[in-house]
Amino acid sequence: MCQDNPVLDKPCEGAFYLFSLASLILARFVPAAVLSFQWYTPEACLQFKEHFHAQVRTAFCNNPGMLKISKVVVVGDLYVGKTSLINRFCKDNFDRDYKATIGVDFEIERFEIIGVPYNLQIWDTAGQEKFKCIASAYYRGAEVIITVFDLADIQTLDHTKQWLEDALRENEPDSSFIFLVGTKKDLVSDAVCERTELEAIRFAKEMQAEYWSVSAKTGENVKEFFSRVAALAFEQSMIKELENTPGHRAQIGEGNFIKLEKNIVEVPEDNTQVSLSCC
Ligand SMILES: Nc1nc2c(ncn2[C@@H]2O[C@H](COP(=O)(O)OP(=O)(O)OP(=O)(O)O)[C@@H](O)[C@H]2O)c(=O)[nH]1
Ligand SMILES: [Mg+2]
């Protein structure tokens, strides 16, 4: 079983809190695309209840037993570390040996956001050319597209635009959050990392993506990154659902919501962070 994320559970203090709050307020009111120049840090991933859209808060106060699922698709060159990133997050392990993904694979990860259960369905796709047509069949309906490159192999960054273009082609315009993720942070020196990140942030801007750097080996930024993914996807899908539904609140619970059998969730009135629940 996964442990609760200690970073997310511990209260923020002092400068961290201010930074976090400022980032969140920015993140709440400014679309991710506009923020793409920002370099996200673990502190930026916290999302408090009051920062969610009022419609979303109201919907969940009235319907705390609903469970929502969002689809996440992870793309990028072979060997960049897509599977390792997902395995570090979902299974908290790391394998030094390379085992190429054949076609696609997926994991479901449970979250609790503002006291509400929420699932991410994370699709891991193969980077090898020969599997591309199998993998691309699974791009459709992605609420989040994560384009991955290897911080230690700059060429893989050049290819991210093509991966993103392929994934976007299968989705409605402006329907997906886009992330650009540099992996294997542990393999590069601070100077190389900094240089590559400058280039990556430039790419992220063009791709209208949010940039993160992580290490599946050490776990650096991995939980924080997926918590950010979950918080943004959750809010966006809720707002979309509410906007697309005449009568808004009256219709909550239809569409792709899954009703839980029993009401296991209490929505607390105080500040509630995004937290990871057991696998
Ligand atoms: N040092 C280090 N090695 C990593 C990291 N992430 C992945 N690797 C290694 O890089 C290799 C490739 O990782 P995978 O996760 O299998 O790569 P992939 O992108 O899923 O590859 P395909 O499935 O072929 O598309 C493996 O040997 C991993 O152990 C990391 O953060 N640090
Ligand atoms: Mg793989």
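**Cysteines and the ligand 1 site**

A: A search of the whole structure finds zero disulfides. The model is predicted. Cys-90 has a relative accessible area of 6%. Cys-90 is therefore buried, because the limit for buried is under 20%. Cys-133 has 62% relative accessibility. That is over 50%, so Cys-133 counts as exposed.

Now the ligand. Ligand 1 sits in the largest pocket. Around ligand 1 there are 23 residues. Lys-82, Ser-84, Asp-95, Tyr-98 and Gly-127 come nearest. By type, the shell holds nine nonpolar, six polar and eight charged residues.

Next, the polar contacts. Thr-83 has an N or O atom in its side chain that is 2.8 Å from an oxygen atom of ligand 1. In the side chain of Lys-184, an N or O atom lies 3.1 Å from an oxygen atom of ligand 1. Ala-216 takes part through its backbone: one of its polar backbone atoms is 2.8 Å from an oxygen atom of ligand 1. As for cover, ligand 1 on its own has 660 Å² of accessible area, and the protein covers 95% of it.

Terms used
Residues numbered from 1 in each chain as written. Chains lettered and ligands numbered in written order. Predicted model: local features only at pLDDT ≥ 70, side-chain atom pairs only at ≥ 80, totals over all residues. Heavy atoms only, no water. Near = heavy atom within 4 Å. Polar contact = N/O pair within 3.5 Å; in protein donor to acceptor, adjacent residues only side chain to side chain. Areas by Shrake-Rupley, 256 points an atom, 1.4 Å probe, with all protein chains shown as cover. 1 Å grid on protein atoms, 1.4 Å probe; cavity = no way out; pocket = protein on both sides within 12 Å on 5 of 7 lines; lining within 4 Å. Sits in = over half its atoms within 2 Å of the grid points. Nonpolar A, V, L, I, M, F, W, Y, C, P; charged D, E, K, R; others polar. Disulfide = S-S within 2.5 Å. Buried < 20%, exposed > 50% of the residue type's maximum accessible area, 1.4 Å probe, protein only.
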